[in-house]
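Biologist: Hey, I've just been handed this one and I'm new to it. Can you walk me through it?
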Amino acid sequence: MSDPASELSELTSVEASIALRIATASEPDELSALANEVNGRGSVFVAARRQIGSLPPDERRQVGRAVHDAMKRLESLLIQRREELEASGEELRRRVERLDLTEVVPVRRRGHLHLVSQAQMELEDVFLGMGFVVAEGPEIETDWYNFEALNMPRDHPARGMFDTFYLRAGEPGSLMLRTHTSPVQVRLMESESPPISAVMPGVVHRRDTADARHTPTFHQIEGLVVDQGVTFADLAGTIEAFTGAYFGPSSRSRLRPSYFPFTEPSAEFEITCTICGGSGCRTCSGTGWIELGGCGLVDPAVFEAVGIDPEVWTGFAFGFGIDRCVQMRHGIADIRVLMENDLRFLEQF
Ligand code: FA5
């Protein structure tokens with residue numbers, strides 16, 4: 001062994017060099033190699049320790065302690081750095097593997113609202129913009145709401161307009177699937193005091209034979225305005241505003257005299273058939289026009305049935321088919337596709 005002073009100074013500089021490399025190691029493998037330099041076969045510390053026995057007795061203790069302390073310091077640095085690397089590796093792994101269940105991954109939409117539901121919401125928006133509120137009523141109705149209060153007592157011939165699905169429950173003929181949304185008018189007038197401006201969308205059912213313009217289950221949206229001094233011009237203006245907003249300003253519509261027991265006078269409103277552009281086709285039965293709904297001024301008999309004074313209050317009402325509107329807006333030749341759930345059709349909207 002060279003002289004102890006230079007031996008100790010060399011060990012000190014080796015210790016400093018290894019300590020620096022431990023501090024900057026970024027992989028556990030690097031630490032294993034450094035551990036070998038501290039206490040493995042090629043370690044200068046191990047070699048120095050082996051030679052301690054050849055030193056004069058008074059130097060053995062000093063050099064022995066210096067080698068021992070240097071090795072202990074480096075070993076504790078190795079342990080500390082290994083722990084640091086493990087902690088950051090663990091953190092990294094946690095970050096990579098963590099499943100963030102709140103994360104919204106942008107993927108292709110797998111589903112959407114049915115075209116008729118989309119239309120219903122769009123129509124509600126049109127009317128909300130015109131100052132109407134949206135109300136709803138039950139799909140199973142009583143004779144009173146579906147017919148009686150609407151000025152159609154039993155055996156009234158107008159009941160024939162609505163071929164009804166009755167329920168086998170209660171008194172025969174007392175409960176039915178509602179045939180139109182007009183009963184919701186009655187419910188609203190019973191529960192609210194005028195003035196009223198509301199639209200009432202919903203599903204309705206009739207024993208109608210399915211064809212290009214009819215299905216037994218379909219949707220209507222009812223409108224009701226009750227106020228003082230309401231005229232037919234208010235009704236006509238409202239319908240024009242709605243058809244313009246929903247079908248676009250170039251759509252052509254017309255009102256034709258009609259009959260409903262709950263309105264007087266009554267009319268039906270039609271738009272030009274969008275399938276043939278008005279020239280006549282199978283969908284419009286060759287007329288060039290498609291009926292969208294019925295309307296009129298609220299019949300005083302209806303006001304009396306719900307306890308509203310017809311001497312004070314006036315009103316208009318309308319009800320049109322949502323499916324029919326969808327059919328005309330999208331130029332669908334046969335309305336039955338709306339009920340068939342064919343994804344090739346539905347996915348287009
Ligand atoms: C009625 O249902 C009246 N309640 C409308 C009304 C309300 C009039 C308020 C006056 C005041 P109607 O039976 O004509 O009327 O039906 C209205 C609309 O529903 C029709 O113009 C059509 O657009 C739609 N409709 C009727 N039957 C069917 C059907 N089977 N399939 C699809 N749509 C239909």
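Biologist: Which residues come nearest to the ligand?
Modeller: Keep in mind that this is a predicted model. There are 25 residues around the ligand, and Ser-182, Arg-206, Asp-208, Glu-291 and Leu-292 come nearest.
Biologist: OK, how far is the polar side-chain atom of Ser-182 from the ligand?
Modeller: That atom of Ser-182 lies 2.9 Å from a nitrogen atom of the ligand. Asp-208 also has an N or O atom in its side chain that is 2.8 Å from a ligand nitrogen.
Biologist: And which residue has a polar backbone atom 3.2 Å from an oxygen atom of the ligand?
Modeller: That's Gly-293, whose polar backbone atom sits 3.2 Å from a ligand oxygen.
Biologist: How much of the ligand does the protein bury?
Modeller: The protein buries 96% of the 680 Å² that the ligand exposes when taken alone.
Biologist: Where does the ligand sit?
Modeller: In the largest pocket.
Biologist: What's the shell like by class?
Modeller: You'll find 11 polar residues in the shell, with eight nonpolar and six charged ones.
Biologist: Switching topic: how many salt bridges does the structure hold?
Modeller: It holds 16 salt bridges. One of the pairs is Asp-69 with Arg-65, whose side chains meet at 3.8 Å, N to O.
Biologist: Why can side chains like that pair at all?
Modeller: Side chains of opposite charge can pair when their charged atoms come close.
Biologist: And how far apart along the helix are Asp-69 and Arg-65?
Modeller: About one helical turn, because they are four residues apart in helix α4 (residues 57–97).
Biologist: Now the backbone. Which peptide bonds are cis?
Modeller: Among them is the bond joining Pro-194 and Pro-195, with omega about 5°. Pro-195 is in the loop between α7 and β4 (196–205). The bond from Glu-264 to Pro-265 is cis as well, with omega near -5°.
Biologist: Where is Pro-265 found?
Modeller: Pro-265 is in strand β7, residues 263–272.
Biologist: Last one: which residue has a positive phi although it is not a glycine?
Modeller: Asp-155, with phi of about 70°. Look for Asp-155 in the loop between α6 (143–146) and β3 (175–177).

Definitions and conventions: Residues numbered from 1 in each chain as written. Predicted model: local features only at pLDDT ≥ 70, side-chain atom pairs only at ≥ 80, totals over all residues. Heavy atoms only, no water. Near = heavy atom within 4 Å. Polar contact = N/O pair within 3.5 Å; in protein donor to acceptor, adjacent residues only side chain to side chain. Areas by Shrake-Rupley, 256 points an atom, 1.4 Å probe, with all protein chains shown as cover. 1 Å grid on protein atoms, 1.4 Å probe; cavity = no way out; pocket = protein on both sides within 12 Å on 5 of 7 lines; lining within 4 Å. Sits in = over half its atoms within 2 Å of the grid points. Nonpolar A, V, L, I, M, F, W, Y, C, P; charged D, E, K, R; others polar. Salt bridge = Lys/Arg side-chain N within 4 Å of Asp/Glu carboxyl O. Helix = DSSP H or I, 4+ residues; strand = E, 2+ residues; numbered from the N terminus.
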